[in-house]
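Morning, everyone. Let's take a quick tour of one structure. Have a look at it first, and then I'll start talking.

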Amino acid sequence: MEFSLELSSQIPPSRNYSELYESCILARNQLVHTANEYRKKKKQPLIEDVTAVTQDNWAELDQGVQTACQDLQEIADRQKKPETGTIFGKLRLAFRSLCRHAGMGQTLLSLVPNDVFGFSSVLFTGFNMVFKAMHETSLYRDAMLKALEELPRVLEDSSDLCKTPVFVQDENLHRRCSAIFSAVFDTLRQILLWFVKNSFVTSIKFVVDPTGFSQKLTEHMEDVRLKSQQFWLQANKISLVLQVQTAQAQQKMAQEVHTIAQRTELIELEATRREVATLGMLEKLDTQPVPVNQSSKSFDTDDLLSRLQELVYLQQRPSPRPPSPLPPIVNIDALLGDFGYDPGMVYRDCEDIHKILCPSRRHNSAQGEDFEEERVVAMQSNPRIRAWLVLNRPSMLFLNSRSAAPSQPRSEVSLVCAKIGNRLLEIHASQQVYYQNQGRRRRKASPFIIPLVFFCGQHHRDNDFVGTAAGLVMSLLLQLVDRGRAVLQSLLGEDQSLGERFQLLLNNPEDIDGIITIFSILVDKLQGRNIFVVVIIDGLKLFMRDPKREMETRAVIEGLVSIYRNQAGDEAAPTLKFLFASTARLEGLEYLFDEDDEVLHLPRVIHDTWSDNDARWKRPMELEF
């Protein structure tokens with residue numbers, strides 16, 4: 001696998017930092033403008049100039065946050081909301097850490113030389129004003145607190161990064177740093193706008209659309225997370241390339257030392273041979289015996305030559321190969337054959353969805369009238385879906401596309417899922433051979449994606465072999481065994497109980513609990529955040545029609561969600577990415593997910609604001625890891 005990052009992408013001397021931070025400067029100015037509107041409303045002095053803040057200012061913010069949290073906690077207690085106590089504790093700790101590191105110049109703010117654009121001052125002012133404004137109303141206060149608790153973690157301690165020249169001089173890293181601050185400034189501005197507006201207007205908006213503001217704030221926070229992930233991906237790539245270059249330099253030096261040692265050895269060996277030959281010739285030429293000291297030993301040339309030859313043989317002999325591993329207790333190919341696994345099913349499903357939903361086919365079917373290209377574009381550009389597509393952190397999303405024809409087996413969300421599935425399968429195929437050929441040490445550093453995809457719309461008929469809830473989760477399990485064989489083959493050979501569990505499952509393939517248990521065991525065996533298990537299930541509404549299949553499907557989703565919850569906090573566990581998609585609301589499943597962070601409802605009406613929809617909806621989905 002070749003690295004696409006080049007450390008030569010450094011900031012040239014002629015480039016001005018204002019070009020790299022242009023979008024961030026615009027977001028800063030918009031936040032300052034909104035802050036002045038709020039100050040004007042409260043008859044407070046306006047911000048005339050963006051000036052740098054000092055360590056004392058950050059200490060002042062820390063004290064202000066502690067006081068604000070205490071006041072807001074008292075208000076929450078009077079309103080009988082004890083559940084907000086935890087968030088206030090997290091908020092205090094998060095801002096105490098941020099203010100301490102910011103005062104010492106140990107945050108991402110320090111990546112900009114001397115803070116020439118006043119980002120510290122604007123950030124300080126924005127946080128300060130938001131905390132003071134939250135005393136005015138309790139509307140959406142919980143959503144605001146949740147966002148504010150997460151923002152300091154985005155600007156976490158990065159003192160080592162900011163002191164390393166190769167990071168400070170990387171142009172791409174500065175661009176991504178600019179994107180982070182732009183997203184943070186936009187989020188603070190979104191909160192302040194709520195307080196700038198007339199209270200009567202905001203009350204009417206709350207009645208008409210009670211979730212509107214919180215949804216917009218959630219989208220802003222997803223954008224912050226996305227930009228933060230992209231920044232640290234770039235930083236990790238630079239770090240990885242530095243490690244590779246260091247390893248290559250060490251290897252080259254070791255090779256040079258080895259070459260010098262070999263040459264020295266050959267020179268010494270040749271000198272010894274010449275000395276021995278000379279002594280032999282002298283012995284033949286001498287007619288008179290040479291007096292020998294009795295305390296010294298005779299010089300045995302044959303013994304010396306034999307020892308030298310033995311030494312050369314031992315040094316040139318190849319090192320013994322490790323013994324071949326014992327045959328695994330569970331043979332993957334035999335296992336998949338016993339269960340009738342079809343490795344090409346997902347590939348065909350993705351291809352069929354693309355064919356059926358292409359323009360020429362849609363216009364000849366009833367589904368063509370209900371298909372909305374702009375809904376596909378909305379999903380592809382949605383910040384929360386884009387954040388889910390970044391593979392460097394665990395995440396789970398329940399997506400309700402609100403399609404115009406929710407009962408159709410294939411919809412706009414099916415096309416988006418097929419695009420994601422296709423891309424994942426392409427990446428997996430390219431990584432499979434590389435991963436199998438690497439040693440255990442390199443495997444731990446190499447990313448490896450295991451895609452598990454199921455389209456309910458392709459298998460919703462009663463006569464389909466996998467058209468049941470058990471068939472759904474069995475398909476995911478067998479895909480995990482097949483596509484994860486590069487990692488699981490040796491692990492399966494170490495666990496005899498797994499063979500027994502698979503045998504029991506072979507006798508009872510409808511045992512959903514048994515399938516979920518084996519799935520959970522295999523996921524537990526995948527150690528390391530560099531292994532990504534991506535589960536995509538589309539068209540869940542079609543498996544929720546009759547009561548029996550609805551109950552079984554709910555059991556499957558509950559089991560998968562439970563696996564995600566158990567693994568998400570474990571740093572040694574694989575990175576799990578779960579996407580559950582439906583064409584309509586499924587209240588029987590939505591209660592399993594966090595309503596704010598894990599559920600996304602698209603608008604019923606998608607306004608066509610793109611002039612190039614016909615081209616945009618066809619674009620492939622890109623993933624980062």
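Start at Cys350. Its relative accessible area is 0%, so this residue is buried. Keep in mind that we are looking at a predicted model.

A disulfide needs two cysteine sulfurs within 2.5 Å.

Now Cys24. Buried or exposed? Buried, at 0% relative accessibility. The closest cysteine sulfur to its own is in Cys177, 7.4 Å off, and that is too far for a bond. Search the whole structure and the disulfide count is zero.

Next, the nonpolar cores. The largest one has 92 residues. Leu522, Ile537 and Phe580 have the most contacts inside it. Which helix gives the largest share? Helix H20, residues 469-483, with 10 residues.

Zoom in on Phe580. Skip its neighbours within four places in sequence. Its contacts then include Met396, Phe398, Ile537, Leu540, Val561 and Phe593.

Last stop: Asn29, in helix H2, which covers residues 22-41. Asn29 is partly exposed, at 37% relative accessible area. Its side chain makes a polar contact of 2.9 Å with the side chain of Arg28. Then look across to Val122. Asn29 and Val122 are 93 residues apart in sequence, and their C-alpha atoms are 9.0 Å apart in space.

That's the tour. Over to you.

Conventions. Residues are numbered from 1 along each chain as its sequence is written. This is a predicted model: local features need pLDDT of at least 70, side-chain atom pairs count only at pLDDT 80 or more; totals for chains, interfaces and linings use all residues. Side-chain values use heavy atoms; hydrogens and water are left out. A nonpolar core is a set of buried Ala, Val, Leu, Ile, Met, Phe, Trp, Tyr and Cys residues joined through side-chain atoms within 4.5 Å. Buried means under 20% relative accessible area, exposed over 50%, partly exposed in between (1.4 Å probe, protein chains only). Helices (H or I, at least four residues) and strands (E, at least two) are DSSP runs, numbered from the N terminus. Contact means heavy atoms within 4.5 Å. A polar contact is a pair of N or O atoms within 3.5 Å; within protein, one must be able to donate a hydrogen and the other to accept it, and residues adjacent in sequence count only if both atoms are side-chain atoms.
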